[in-house]
Amino acid sequence: MKSICFYFQVHQPFRLRTYRFFDIGRNHFYYDDYFNRMIMRRIAEKCYLPMNEILMQQIKEFGSRFKVSFSISGLAIEQMELYSPEVLESFKKLVDTGNVEILAETYAHSLSSLKDAAEFERQVKAHSEKIEQVFGVRPVSFRNTELIYSDNIGAQVAEMGFKVMLTEGAKHVLGWKSPNYMYANAINPKLKVLLRNFRLSDDIAFRFSQQSWSEWPVTAEKFVGWLDKINPNEEVVNLFMDYETFGEHQWASSGIFNFMKALPAAILKHGKYSFSTPAILAEKLQPVSAIHVPYPISWADEERDVTAWLGNDMQDESFAKLYALSETIRNSKDIELMRDWNYLQSSDHFYYMCTKWFSDGDVHKYFNHYPSPYEAYINFMNVLSDFQNRVNKKYPDTSKMFQEVAEKSGQIVKQIGNQANEAIEDLTAKAKSRIKRGEESIKPVFDDIKSLSDARIKKLIKDIEAEDLVAALKDAEQELVNKVIPNMSKAARKKYDELEQNLKIKKSQVNQIRKTIEEKLRGLI
Amino acid sequence: MFGWEFPPHITGGLGTACFGLTKGLAKHGLEIIFVVPKAYGDESQEAVRLVNASEVTVDIDREDERSYWDRVQYMEVGSNIIPYVGPESFENLTEESKRATEKFQSRVFSQKFEFSGKYGSNLMEEVARYALIGSSIATKQDFDIIHAHDWLTYSAGVAAKETSGKPLVVHMHATEFDRSGENINTDVYAIERRGMEMADRVITVSNLTRRIVIDRYGIDPNKVFTVHNAVEPSDKPDLQGFEKAVDEKVVTFLGRITFQKGPEYFVEAAHKILKRDPNVRFVMAGTGDLLNKMVLRVAQLRMGDRFHFTGFLKGDDVDKMFAMSDVFVMPSISEPFGIVPLEAMRSNVPVVISKQSGVAEILKHAIKVDFWDIDAMADAIYGLCHYQALSNTFIRFGKDEVDSLKWEHASLEVKKVYESVL
């Protein structure tokens with residue numbers, strides 16, 4: 001039996017207010033409360049509430065035979081808490097039926113997976129905690145912002161303990177392969193990968209109300225007919241889309257709600273299909289092969305890559321500058337900064353700066369409240385400048401400080417080293433020249449006596465006449481004299497004291513005597 | 001006097017200059033009828049409307065105002081002439097505006113220009129219509145001399161002269177060469193040339209412009225006089241509580257972001273400075289056809305967190321901007337006069353101006369560099385940011401210098417020009 005897996009993305013960013021240069025340093029509130037509230041209320045009324053109601057009816061009717069899955073970003077939950085708590089309540093009721101799976105994602109619906117592994121992990125954890133706190137269940141399946149996926153991102157997600165991840169069944173990745181099987185991550189095969197069937201998904205999400213389309217209008221029976229055409233051996237059809245498809249992108253007048261009311265019954269009618277969620281599929285299905293995605297893919301635009309958010313200079317600069325703050329903020333654990341940090345990271349801000357208007361211009365324009373990408377960039381950079389200032393003031397960049405200190409101390413060490421080197425070189429040069437001057441200079445000299453032990457001095461002067469001693473010590477250093485005198489015998493001392501006062505002796509004689517003593521000294525050493 | 005804009009609805013320096021000039025002339029005892037084209041909504045059936053003092057909100061103190069409006073008559077003419085827009089972009093604008101009035105977002109024009117569907121979409125036609133109105137005014141009003149400001153009004157001035165036989169003075173605030181470089185619009189050039197040839201006197205705002213008028217339009221030097229613009233003494237001292245909220249030095253560019261103003265040299269100089277010293281913020285205030293290009297270049301140089309764009313500033317915001325600035329830069333490639341540096345100096349901001357601006361002829365206390373010499377420009381900005389003694393000197397003497405440049409003196413010069421033909 002083929003599985004049908006419905007997954008809906010729910011996300012609302014905190015849109016920025018017009019934040020002018022004059023506000024920098026003066027006003028730290030960045031969001032357009034009124035606008036955000038208005039949009040949340042509008043979508044709640046047009047989409048979330050009526051569609052949740054329909055899903056609830058289906059679950060009541062079909063019980064566990066009908067299943068869907070959601071991912072709701074942390075920012076969307078926060079806005080529901082702020083502006084329309086009844087929406088959150090109705091989601092809770094859906095989850096409580098046990099037929100609705102909530103998936104994990106990044107808290108801020110951010111692009112952190114493309115830039116900053118540590119931040120990615122923090123956000124995934126923060127989101128799981130939020131989900132557990134609100135819905136009482138801990139997510140086990142993962143889907144990244146806008147289904148962004150690559151081998152490396154998948155490997156990191158596996159590392160975090162998730163069993164299955166959702167992504168786009170992008171043509172350039174699949175080639176001839178079908179998206180309707182379970183695949184596995186190329187680096188860590190433990191992570192199963194579900195691929196979106198973009199044709200059938202977009203038949204609902206984009207083409208449903210397109211009257212120029214040859215298949216218009218789409219009915220539940222027609223849609224099941226398309227499902228029937230799929231090779232019976234294929235295991236799963238993944239229908240992933242924005243939840244706002246229902247009532248917001250496709251207006252109620254297009255018949256989308258009636259279509260969704262009729263679809264479950266039509267699908268379940270012949271017993272050929274069953275509804276499933278990613279967690280159940282992960283248990284049930286085995287991967288048919290690994291899927292190789294060396295470069296990140298997403299479900300956005302014709303290109304199915306990340307160029308909707310990154311790639312032009314404005315996007316690249318703002319993205320890099322924002323994530324340069326990442327580590328400081330994470331280490332700070334500062335609640336206020338962390339809040340703005342989350343809000344500023346949401347991928348939408350970069351989406352607004354997109355300049356590729358040609359193939360998907362309409363879609364981009366639809367989601368963009370700025371008159372042009374330039375305005376989006378200017379506004380975001382003004383906000384970011386103020387945010388940078390706050391972060392840097394509160395938490396001066398420690399790594400920079402450390403670097404500075406390291407640089408300075410390095411210089412000092414170098415200086416010391418240089419000085420030491422000079423001194424050593426100086427000393428060696430002196431020693432060398434001394435050695436060069438001949439044997440003589442390393443022979444013991446008279447002055448060396450003072451470095452001898454008392455016993456040796458005693459031995460030395462034992463048989464030197466007191467007169468000679470007096471003569472030798474005349475004009476000698478006081479230190480040397482002090483060393484020698486206590487080592488004299490009493491008799492010699494007496495004689496020395498007598499002679500010392502009135503001994504007249506020539507310099508040459510002194511030298512003569514000193515030399516003999518030096519001779520003796522040599523013998524001694 | 002034929003103008004094309006008047007405070008508070010101004011997009012550039014011309015409106016301010018006209019206001020200062022009329023004020024000065026009124027002080028010297030002259031009486032003025034001021035005619036301005038203005039775009040109306042559907043309600044405007046009449047071609048000419050006399051505007052009395054109570055309907056115009058102009059910032060001057062009461063007493064001053066009364067004596068001013070005793071002598072100045074202000075007329076608005078139903079026309080959608082747009083200041084600072086050439087014939088090509090005029091057509092684009094009206095076309096675009098027809099297609100999607102709602103999506104028309106450009107800030108410069110949105111407040112000035114509302115297309116009613118009644119006027120011709122061709123600017124040249126509009127100029128001709130304005131000329132017609134000019135001649136009809138000339139028959140109805142009593143006056144001694146005609147004074148026309150810039151090419152859009154020249155035809156009106158010429159028509160008025162032909163109808164009344166009164167002498168015509170045309171005032172050159174900017175030539176077509178200043179606006180478009182070498183790729184001039186020949187129709188505009190022809191109107192300018194004809195206006196100056198028909199005029200009894202031509203007033204240029206600088207010697208730089210006088211040279212262009214003589215060399216490139218072949219006008220008789222004997223009838224071309226330079227009268228430098230002046231600046232109104234600051235009448236808004238109540239911004240003292242407003243201080244900048246960022247620690248970094250703030251360097252400002254303020255003007256239309258167009259080829260003529262040389263914004264790219266400011267961006268490149270900013271890049272040079274930021275490479276050495278990240279503690280400076282640059283602000284580009286204004287809007288124009290090169291804005292997006294500048295934004296992209298700033299992003300490309302990765303300095304978006306140090307280089308800010310404010311869009312078009314009006315009223316108080318300009319004064320706030322000056323109050324926050326440490327250096328003002330005007331890197332114009334070609335600037336007939338350039339009044340903004342004077343406003344900056346009046347607000348105690350030292351200025352760096354390009355040698356290719358008319359204002360450089362009269363200012364002593366400003367650093368003058370060639371617009372293309374971004375190294376010198378970077379040097380000057382860096383110096384003014386970091387050497388307190390230098391900037392203090394410029395602030396002190398600059399303020400004195402600007403305060404001595406009064407419209408009263410400039411309009412006396414204009415009066416002398418009038419007298420020479422009466």
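How many residues does the contact take from chain A and from chain B? The contact takes 20 residues from chain A and 16 from chain B, two residues being in contact if their C-beta atoms, placed from the backbone, lie within 7 Å. The model is predicted, so local features need pLDDT of at least 70 and side-chain atom pairs count only at pLDDT 80 or more, while totals for chains, interfaces and linings use all residues. Residues are numbered from 1 along each chain as its sequence is written, and chains are lettered from A and ligands numbered from 1 in the order in which they are written.

- On the chain A side, helix H11 (313-323) and helix H16 (373-394) each supply at least two residues; helices (H or I, at least four residues) and strands (E, at least two) are DSSP runs numbered from the N terminus.
- H16(A) gives the largest share of that side, 8 residues.
- By class, the side of chain A that touches chain B has 10 nonpolar, 5 polar and 5 charged residues; Ala, Val, Leu, Ile, Met, Phe, Trp, Tyr, Cys and Pro count as nonpolar, Asp, Glu, Lys and Arg as charged, and the others, Gly among them, as polar.

**Form of chain A**
- Chain A has 22 helices and 12 strands.
- The radius of gyration of chain A is 43 Å, well over the 24 Å that the globule rule gives for 525 residues, so chain A is more spread out than a compact globule; the radius is taken over C-alpha atoms, and the rule is 2.2 Å times the number of residues to the power 0.38.
- Along the principal axes, the C-alpha atoms of chain A fill a box of roughly 135 × 55 × 40 Å.

**Domains**
- Chain A is assigned domain 1 (2-394), domain 2 (405-437) and domain 3 (443-524); the bounds come from an automatic or database domain assignment.
- The C-alpha centres of domain 2 and domain 3 of chain A lie 39 Å apart.
- Chain B is divided into domain 1 (13-230 + 407-421) and domain 2 (249-403).
- Domain 1 of chain B brings 19 residues to the contact with domain 2 of chain B, which brings 14.

**Nonpolar cores**
- The largest nonpolar core has 231 residues; a core is a set of buried Ala, Val, Leu, Ile, Met, Phe, Trp, Tyr and Cys residues joined through C-beta atoms within 7 Å, and buried means 20 or more other C-beta atoms within 10 Å of a residue's own.
- H16(A) supplies the largest share of this core, 10 residues.
- A second, separate core of 14 residues includes Ile457(A) and Leu521(A).

Terms used:
Buried ≥ 20, exposed ≤ 12 C-beta atoms within 10 Å, placed from the backbone.
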